[in-house]
Amino acid sequence: MQMTVPREGHSAPDGGINGDLLVVIKEAPHKYLERDGSNLFYSHTISVIDAMLGTEITVPGIEKDHKVKIEPGTQSGSTLRLRGCGLPAVKGYGRGTGDLYVKINVWVPRSLSRSEKEALQKLRESSSFEPSPSREDRELFERMKSV
């Protein structure tokens, strides 16, 4: 981004009006956040247990961190929107303040102990663990398939 500061540049010869100062602003990359316009994007990975039972996570922001409640039953790939937690618009480049989007990834362990496997085998028999995608889940799949 480039800003112009009128009459703060080099002085003109023979007492003329000073030129304009051009200030070039380059953004430094953030360790966790990615920017798209005034919106920010963040990915966070939780355990499969936290996805099933729900949890609370801390999401980094520009000025402060945000506590976010993850609801029980959250699916991997879900996106949460924190309204107004993005970047402010600067001089006509968009309106208002952007949003902070948090993508939730669910980590599934690659290996389990014998006792963990046995406990999960018992849980597998429960009807709660039978896959039953909601209409919204199926519609999302159909939209993604067409992309």
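Residues are numbered from 1 along each chain as its sequence is written. In this predicted model, local features need pLDDT of at least 70 and side-chain atom pairs count only at pLDDT 80 or more, while totals for chains, interfaces and linings use all residues; side-chain values use heavy atoms, with hydrogens and water left out.

**Overall shape**

The protein has three helices and 10 strands. Helices (H or I, at least four residues) and strands (E, at least two) are DSSP runs, numbered from the N terminus. Along the sequence the order is β-β-β-β-α-β-β-β-β-β-β-α-α. The radius of gyration is 25 Å, well over the 15 Å that the globule rule gives for 147 residues, so the protein is more spread out than a compact globule. That radius is taken over C-alpha atoms, and the rule is 2.2 Å times the number of residues to the power 0.38. The C-alpha trace spans about 90 × 35 × 25 Å along its principal axes. Of the 147 residues, 16% count as buried. Buried means under 20% relative accessible area, exposed over 50%, and partly exposed in between (1.4 Å probe, protein chains only).

**The core**

The largest nonpolar core has 15 residues. Such a core is a set of buried Ala, Val, Leu, Ile, Met, Phe, Trp, Tyr and Cys residues joined through side-chain atoms within 4.5 Å. I46, I57, V59, L100 and V102 touch the most other members. Strand 4 (39–47), strand 5 (55–59), strand 6 (66–70) and strand 10 (100–107) each give two or more residues. Strand 10 gives the most, with four. Not counting residues up to four places away in sequence, V59 touches Y42, D65, H66, V68, L100 and V102. Contact means heavy atoms within 4.5 Å.

Most residues other than glycine have a negative phi. R7 is not a glycine, yet has a positive phi of about 60°.

G73 is in contact with A51 and M52, leaving aside its neighbours within four places in sequence. The C-alpha atoms of G73 and V48 are separated by 9.5 Å. These two residues are 25 apart along the chain.
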